[in-house]
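Here is a short briefing to read alongside the model. Take a moment to look over the sequence and the fold before moving on.

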Amino acid sequence: MGGARDAGWVAAGLLLGAGACYCIYRLTRGQRRGGRGLRLRPSRSAGEATGYPAEDLTNGSCDDVLNAEQLQKLLYLVESTEDPVIIERALVTLGNNAAFSANQVIIRELGGIPIVGSKINDPNHSIKEKALNALNNLSVNVENQIKIKVQVLKLLLNLSENPAMTEGLLGAQVDSSFLSLYDGHMAKEILLRVLTLFQNINNCLKKEGHLAVQPTFTKGSLFFLLYGEECAQKMRALVNHHDADVKEKVTIIPKF
């Protein structure tokens with residue numbers, strides 16, 4: 001059940017804005033829990049245990065816009081504490097503050113995107129949810145988008161190695177702009193990750209014997225994009241890419 005839920009989250013995360021090409025997370029239907037915020041008792045470890053003053057910054061229902069110093073404290077909590085309750089509350093507050101354009105810049109400049117992004121691999125589903133919501137808000141800023149593409153692709157790569165996830169990933173409805181990630185002008189880091197994603201999915205399909213018979217995926221799914229003619233054209237173009245690592249990666253993926 002956990003694997004299926006992860007696949008559902010990733011399927012939602014694969015929806016890409018037509019002009020932006022960054023992943024947008026939407027909470028899977030039916031998984032919302034009652035209440036708009038966490039109404040929890042202030043925890044001593046949220047302040048005193050970190051060496052910062054015992055200021056409760058993890059109140060997700062707080063309407064105040066936090067300053068750079070307060071945001072840095074929240075990021076420190078996310079990075080340093082092992083208490084899942086504190087991590088979740090800190091991510092909620094970060095996500096709320098990331099809705100403001102000034103804070104989108106501040107959080108990036110504080111190195112917050114990798115810190116928040118690291119939590120999308122957390123085994124705690126609620127923490128993963130809050131991290132993806134925060135990244136969604138941060139992604140409104142154009143300069144944040146590449147860093148967040150990278151973070152979500154890390155999660156996708158991990159899941160794409162698991163054959164149990166393959167059907168859920170390929171069945172996800174994906175905007176056609178996803179294929180622009182395979183354009184030759186994309187950053188090398190992005191290209192290598194999306195090519196590895198394709199390679200992993202292809203390997204899983206071969207193991208399951210699905211390549212011999214076309215599975216019943218709907219039009220507009222990731223399957224139709226990856227195994228369609230437009231993607232094939234992009235792959236042929238990447239064979240002549242100027243970077244040797246990209247060229248090598250493309251040649252590993254069999255032709256269809």
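Where is Ser-221 found? Ser-221 lies in the loop between helix H9 (188–208) and helix H10 (222–226); helices (H or I, at least four residues) and strands (E, at least two) are DSSP runs, numbered from the N terminus. This is a predicted model, where local features need pLDDT of at least 70, side-chain atom pairs count only at pLDDT 80 or more, and totals for chains, interfaces and linings use all residues. Residues are numbered from 1 along each chain as its sequence is written, and side-chain values use heavy atoms, with hydrogens and water left out.

**Confidence**
- The protein averages a pLDDT (the predictor's confidence in each residue, from 0 to 100) of 75, and 71% of the residues score at least 70.
- Over residues 1–54 the pLDDT is below 50, yet this stretch has 97 contacts (heavy atoms within 4.5 Å) in the model beyond near neighbours in sequence.

**Around Ser-221**
- Ser-221 is buried (under 20% relative accessible area; exposed is over 50%, partly exposed in between; 1.4 Å probe, protein chains only), with a value of 0%.
- Leaving aside residues up to four places away in sequence, Ser-221 touches Leu-170, Gly-171, Ala-172 and Gln-173.

**Helix H12**
- Within H12 (residues 244–252), Val-246, Lys-249 and Val-250 are buried.
- These residues are on the same side of H12 because they cover an arc (of the directions from the helix axis to the C-beta atoms) of only 100° around the axis.
- Exposed Ala-244 and Thr-251 sit on the face of H12 turned away from its buried side.

**Cysteines**
- Cys-204 is buried at 3% relative accessibility, and Cys-231 is buried at 1% relative accessible area.
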